[in-house]
Structure formats: C-alpha cells, structure tokens
Amino acid sequence: MESIKIRTYIGDDGILQIQLPPEITNQELDVVIVFQPVIQKSTQSPNKTPEELGY
C-alpha cells in the first residue's frame, strides 16, 4: 500500500481532481479519502523562545 498526501482547493462545484503517477495506469485500485479542512494561521507572531521573551 502506498499513500500520497496533497493539499488542494475544492471549488464551488465540489469536485476533487487527483492526478496519479502514470505507473499505476490500467490497474484496479482501492482508494480511501481522508480529508481535513486547512485552518488558516492567525496573523499573530509565532511563539517566541524564552530568550526572545527576556527569560
């Protein structure tokens, strides 16, 4: 079993397009899709080290 991780955008049509490597053409595959929405990072600065905080 192999896994491929991608980040993609799903438009208003709700269609997900996945392009697979050519070496897996003409084969029957079992495909499992697990999805998780990307949470946008806030505009706050990243966590500072203790030294940056003056400790």
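## An exposed asparagine

Asn-26 is exposed, at 82% relative accessible area (exposed means over 50%, buried under 20% and partly exposed in between, with a 1.4 Å probe and protein chains only). Asn-26 also has a positive phi of about 55 degrees, although it is not a glycine. Most residues other than glycine have a negative phi.

## About the model

This is a predicted model, where local features need pLDDT of at least 70 and side-chain atom pairs count only at pLDDT 80 or more, while totals for chains, interfaces and linings use all residues. Residues are numbered from 1 along each chain as its sequence is written, and side-chain values use heavy atoms, leaving out hydrogens and water.

## Overall form

Let's look at the whole chain. The protein chain has zero helices and zero strands (DSSP runs of H or I with at least four residues, or of E with at least two). Its C-alpha trace spans about 60 × 30 × 15 Å along the principal axes.

## The surface

How much of the protein chain counts as buried? Of its 55 residues, 0% do.

Leu-16 is partly exposed, with a relative accessible area of 34%. The protein chain exposes about 6,600 Å², and carbon and sulfur atoms supply 51% of that (areas come from the Shrake-Rupley method with a 1.4 Å probe).
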